[in-house]
Amino acid sequence: MNWKQRCMATVAMVSAVGMALAGCGSGASSSTGGAASASSGGKVELTYIHRLPDKPGMTSVEDIVQRWNDANPDIQVKAVHFNGNASDLIKKLETDVKAGNAPDLAQVGYAELPEVFTKGILEDVTAEAEQYKGDFAAGPYELMGIGGKTYGLPQDTGPLVYFYNKAEFDKLGIEVPGTQDELVASAKKAAEQGKYIMSFQADEAGNMLSGLAGASGPWYTVEGDAWKVDTETVGSQAVAKVFQDLLDAKAVATDPRWDPSFDAALQQGRLIGTVGAAWEAPLLMDSMADKGGKGDWRVAQIGDWFGNGSKTGPDGGSGVAAIKGCEHKAEAMKFLDWFNTQIEDLTSQGLVVAASTGTPSTPESWSEFYGGQDVMKEFFDANANMGDFSYIPGFSSVGTAMKEQAAKAAAGTATVESVFSTAQTSSIDTLKDYGLAVSE
Amino acid sequence: MTAHTTTAPARRRRSPAARREERTGWLFMLPFVLLFLLVFIVPIGYAIYSSFFQQVATGGGAYGGGELVNRFVGLENFRYVVTSGEFWAGMGRVLLYTVIQVPLMIVAALVLAMLIDSFVVKHVSGFRLGYFLPYAIPGVIASIIWVYLYNGQISPIVKGLAALGVNVDFFASNVVLGSMVNITTWTFTGYNMLIFLSALQAIPHELYEAARIDGANGWQVAMKVKLPNVRGAALLAMLLSIVGTIQLFNEPQVMQTADPGISYSYTPMMMAFNTSRGFLTPKGDGPASAIAIVMAVIAGLLAMAYAFVERKVSES
């Protein structure tokens, strides 16, 4: 090999090593960072970053905020839409706080709030938020707090409910099951006809299986300033048993929730019933669009399938939190209380609002799809039936571990029970890696 | 890029003209140097720095004191990476992937380049463009397209094969790596073909004439004249491919939406990414940087080993 070639090889090698290094160095950089709040002559400017859908046909966040700005010249709010998922937003907020240019208000999921708190990017607004407590359902308001302090106001909730195609159910001669035995029997009956009335969504395992188990009781409790972790509760065991029975009998759809095959299963009419969070109502409508099912679907409460009685569990839902460095906390909470109680507008964004200042009406397109049913009322009932379930800091890595194990369970190479034992070890590892106290 | 190779006689004082020239040279270098520092050296330096830290909660207790601090942990992050079964499983996957994918792609690219360069093919530009076209599609988009083509519910390929009585599941745990190999090969073969083609076309035609006069047939010209002359290009392509495949990321990351069986630490690159995003524990930039650095060192060693073997072989 001559000198030139050797040189070329060295260049290639050096730059390649560099590429590998540079590819994964520092975290996400912030380009759309909201300006820090600045007050000039009594006028307060706030930045609010959110991940609401803002799709055509919805009342856009910008329009809602514009109404506020027109009526409140002293408190001007700039709404910024964040394109990306929850973990990306957290990463952005983390770097923004470090850089000192974080927004004042940001959308944060209830499941992520403890983690965000531990990361030190929240601002204590206990005193400023207190007066608005009455405007929101008690449960979600509590979820915006940690250790007796409040960090924001709740926006929407995600109680788990049951979506099903009534026309198909009638054809099969089955009804929404009330008990565990009925559920398994009906699922098997439907499976004989090539239909599924339940889905085991490996990619949503961390949210949904924990939520279903959470209907019967919490996993994480704080005792004497240390975490007590038990993810293998009676509720978890019941969830594991039901899904294991269904998987063994091949009486449950195993398409991942966010894979095109899930939508295909809905469109082909193979999947005629599934547990889902309330916020999935418009998503399911979108999935089926004009491909059938319109007017045939209904929403029902989850039956007593997992020893949960009439309770249900949470899956998602978010609030808006004050971010560290927010200087005008009182003004921020004043705006937020107004924004989060714009029930009709937020409902148009597909949210089941946490505000209790009024009853939202079901949007027309929803009731068309759900056969004239007052879907919002079902969601509100579900909301009222939600069990107490709180999360630990760093729950996302627990969710990851559960997903991976659930994928194996769906493929038949692991048991559903092992999803919950994985959650146990992963929860304890996560807390310890953060340097938090765990009592074992 | 190389050091000054000027063998100027040792002069004590440089003339003003030479100094001016030097200044002009540096001025021309400036945009490159600045950008190189900014997007290359600084991030690498920061990655190395942060790999010695872990983010932990202050104050202990159940929630911590509401702040994460960077705690210096020495080589703890590296100990975690080196002893992590997940990391080595991921490394094993990409090595297996490299061993299958790189030779397959290089040979395919070489064959295509030889065919186009031979006198068999007319209308070269059409073929050249056609083979190169997949490379014009960004890797993530290519992966998304292939996810649809692999999906058992909607794929015309799966349905077509099923109609022929062949039932394939491109996401089965022992097939999925092959599915990724296919995406990468599809994307990059044309690119490597272009490298080979330009090397082939740079060969002086006198060599062919001489070979013909010596009585070589087309096959012998291809094997004895063309092949040895594209060695340099082949080495470069191999090196870049090896390092590229070690960094396997787009394909598994995109395919994960369709197949939750692809774990968050499926490849070291995914593991670094998801550690940084907090999906794996220990989490944060410290452990993620450590993963990236260990991975870079391994990639560098492999590339060096390959270059070394190549040289030994070519010397013998």
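## Charges over rings

A charge sits over a ring if NZ of Lys or CZ of Arg is within 6 Å of the ring centre and within 35 degrees of the ring normal. With that in mind, have a look at chain B of this predicted model: the charged end of B:Arg93 is placed over the ring of B:Tyr266, at 4.6 Å from the ring's centre.

## Aromatic pairs

Searching the whole structure turns up 43 aromatic pairs over all chains. One of them joins A:Phe117 and A:Tyr151: the ring centres are 5.4 Å apart and the planes stand at 55 degrees, so this pair is tilted. A:Phe117 belongs to helix H4 (residues 113–118) of chain A, while A:Tyr151 is in the loop between strand E6 (149–150) and strand E7 (152–154) of chain A, so the pair ties together parts that lie 34 residues apart in sequence. Both partners are tucked away: A:Phe117 counts as buried at 11% relative accessibility, and A:Tyr151 counts as buried at 5%.

A:Trp305 and A:Phe306 make another pair, with ring centres 6.2 Å apart and planes at 80 degrees; because an angle over 60 degrees counts as edge-to-face, that is how this pair is classed. A:Trp305 and A:Phe306 are both buried. Ring pairs also build a cluster whose members include A:Phe117, A:Tyr151, A:Trp219, A:Phe420 and, from chain B, B:Tyr63.

## A buried threonine

Where does A:Thr430 lie? This residue is in helix H18 (residues 416–433) of chain A. A:Thr430 is buried, its relative accessible area being 0%. A polar atom of the A:Thr430 side chain lies 2.7 Å from the backbone oxygen of A:Ser426.

Setting aside neighbours within four places in sequence, A:Thr430 is in contact with A:Pro393, A:Gly394, A:Ser397 and A:Val398 from chain A, and with B:Thr281 and B:Lys283 from chain B.

## Helix H3 of chain B

How does the span of helix H3 (residues 85–117) of chain B agree with what its 33 residues should give? At 1.5 Å a residue, the helix should span 48 Å, and the C-alpha atoms at its ends are 47 Å apart, which agrees. H3(B) also bends by about 25 degrees at B:Thr98. At the start of H3(B), a side-chain oxygen of B:Ser84 comes to within 3.3 Å of the backbone nitrogen of B:Glu86.

Note on methods
Residues are numbered from 1 along each chain as its sequence is written. Chains are lettered from A and ligands numbered from 1 in the order in which they are written. This is a predicted model: local features need pLDDT of at least 70, side-chain atom pairs count only at pLDDT 80 or more; totals for chains, interfaces and linings use all residues. Side-chain values use heavy atoms; hydrogens and water are left out. Rings of Phe, Tyr and Trp (its six-membered ring) pair if their centres lie within 6.5 Å; planes under 30 degrees apart count as stacked, over 60 as edge-to-face and the rest as tilted. Helices (H or I, at least four residues) and strands (E, at least two) are DSSP runs, numbered from the N terminus. Buried means under 20% relative accessible area, exposed over 50%, partly exposed in between (1.4 Å probe, protein chains only). A polar contact is a pair of N or O atoms within 3.5 Å; within protein, one must be able to donate a hydrogen and the other to accept it, and residues adjacent in sequence count only if both atoms are side-chain atoms. Contact means heavy atoms within 4.5 Å. The expected span of a helix is 1.5 Å times one less than its number of residues. The bend at a residue is the angle between axes fitted to the seven residues ending there and the seven starting there.
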